Amino acid sequence: MKTAHSMSLRNIAIIAHVDHGKTTLVDQLLAQSGVFRANEATVERAMDSNDQERERGITILAKCTSVLWHGKAGETRINIIDTPGHADFGGEVERILGMVDGCVLLVDAEEGVMPQTKFVLGKALKMGLRPILCLNKVDRPHADPDRVLNDAFDLFAAMGATDEQLDFPHIYASGKNGWATLDLSKPNDNLAPLFDLIVDHVPPPAAEARKDEPFRMLSVLIESDPFLGRLLTGRIEAGKAVPGLAIHALSRDGKEIERGRITKVLAFRGLKRQPVDEGAEAGDIVAIAGLSKATVADTLCAMEVTEALPAQPIDPPTISMTVSVNDSPLAGREGDKVQSRVIAARLLKEAESNVAIRVTETPDKDAYEVAGRGELQLGVLIEGMRREGFEVSISRPRVVFQTDPETGERLEPIEDVMIDVDDEFTGIVIEKLSARKAELKDMGPSGAGKTRISLMSPSRSLIGYQGEFLTDTRGSGVLNRVFSHYEPYKGPIDAGRKGVLVSNSDGETAAYALWNLEERGTMFVGAGEKTYQGMIIGENSRSDDLDVNPMKAKQLTNVRASGKDEAVRLTPPRRLTLEQAIAYIEEDELVEVTPKSIRLRKKVLNPSFRKKRVRED
């Protein structure tokens, strides 16, 4: 097999707002560079290999791939990293940009510049990269590439781009149909212009000049392999990685973490990782096996190297929740991983490979505080655990406050929110968010009959708002948000949730009882479902909580025939998804998550103990 440097090399990241077409474009780049054989069966969005990524249609984990391009400049190996677009997974984006020499910023030619476009572009410019702007989906009916190009230029300027960065090349593309062109008046049927632009515009790795120095590499991604153990991925900054080489790992402050030997060097070739027995040289992106403690942001280097490579500080988490053992009356019936030590081990393993998540033990030994970047990121973690057979209880998410070191003032996270809605719903959206202490920054038309609203809002006020927003806009609104900065605490926020209907006994729900309760509010459960005292079975139409009996069967008398009136017609229950449930609950409530069910419950199940606690508070 050729070594990495018998040919030219380019390392690029594809960055964009969520759903602007990154993964689909990478599929086409792989197909057109000959990674797939002509007769090979391929899956759509080949890079999104994780089940949740396929279902949600988003990229959660950064993926590496590599293609060979035979272009005007000869043969070039292009390492491509497909990054997550969602800000909740932004911890991945900033570190990945440190291991590439260029990036393709993808912007939807219809939607234009969005909050996450701003987020990922800001990170790229700060690292000195010169992005290539790719205006994707130009074949959509309402696409306006000229407007979007101007908006992108304004964004570059507003984010402090240097003159060199402002002189960015741009290209028009349809990732879905697999074509790109530098000039819309000259149509094309392939992605060759994009490949050639990458080779011409992105510089080869500067590290190539340091291939005779001792081995140094910054670990950027971590994963575990059942056969090879811990795999650390990064770009070799100097020297050569060869199996058998003695290395040690240094933390960001230069302290030695562990010593070991490289057991395997894996390079990315298409969608597969292949061992490179003769080693890989400076500039290439590889995964290394052989260490057991080193993690993301650590420097892996030859024994004679004593200084750590500079690493990106990790953005602090902005939201946290408590994950505890499931102690409901139905616990242990659906999952097989229910003990606190098993839950703790799983959470700590997640925190190890996902540096944007922080896990701390609480004074109550059966519960753990899990902090992350947003509700979606925490929801993805819990959904993953649920599929693995875990049963857990989850508290309402809380924002992570900070203290101003100079004034001692309490600071809270503020988010940049961008909303696209039909004109008729702008009033209700602004009214609701203003009541939640959000500040309107800008508002203007964004296409036929639509308005784009830009606000700055405390993270607290957005917890649980998504469902309400979709109801208010009849499902047509799009809400995008990204962490911006910290500001002084803005005072209490009234989210205005209604009360809940709480079961007052254990058993199975009866259709007749639920039918009678329907006038009281909206049901979350159907007939014949197991419930217990303290479980939330619906939303009250009023603001207070109400204890009800959902098991009450109809009294039979000798006057009526026993079968009559039994077939009551129930309104289908409102089933909450995991994220909706987490966002819905209040401070005194929990979500019980098992492999088969999502139930809402009160923390204190017994109604008299609950009332006593309310009086004490």
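Biologist: Leaving aside its neighbours within four places in sequence, what is L133 in contact with?

Modeller: In this predicted model, L133 is in contact with L105, V107, L149 and A152, plus F168, P169, H170 and I171.

Biologist: OK, and which residues touch the most other members of the largest nonpolar core?

Modeller: L133 is one of them, along with I15, L105 and F156; that core has 38 residues.

Biologist: Which elements give two or more residues to this core?

Modeller: On the strand side, β1 (8-16), β4 (102-108) and β5 (132-136). The helices are α3 (90-97), α4 (115-126) and α5 (145-158).

Biologist: What about another core, apart from that one?

Modeller: There's one of 33 residues, and its members include I343, I357, V591 and V593.

Biologist: Switching to helix α7, residues 192-201: how many of its 10 residues are buried?

Modeller: Nine of them, so α7 is largely enclosed by the rest of the structure.

Biologist: Which ones are buried in α7?

Modeller: The run from A192, P193, L194, F195 and D196 on through L197, I198 and V199, and then H201.

Biologist: Cysteines next. Is C134 buried or exposed?

Modeller: C134 counts as buried because its relative accessibility is 0%. C301 is buried too, with a relative accessible area of 0%.

Note on methods: Residues are numbered from 1 along each chain as its sequence is written. This is a predicted model: local features need pLDDT of at least 70, side-chain atom pairs count only at pLDDT 80 or more; totals for chains, interfaces and linings use all residues. Side-chain values use heavy atoms; hydrogens and water are left out. A nonpolar core is a set of buried Ala, Val, Leu, Ile, Met, Phe, Trp, Tyr and Cys residues joined through side-chain atoms within 4.5 Å. Buried means under 20% relative accessible area, exposed over 50%, partly exposed in between (1.4 Å probe, protein chains only). Helices (H or I, at least four residues) and strands (E, at least two) are DSSP runs, numbered from the N terminus. Contact means heavy atoms within 4.5 Å.
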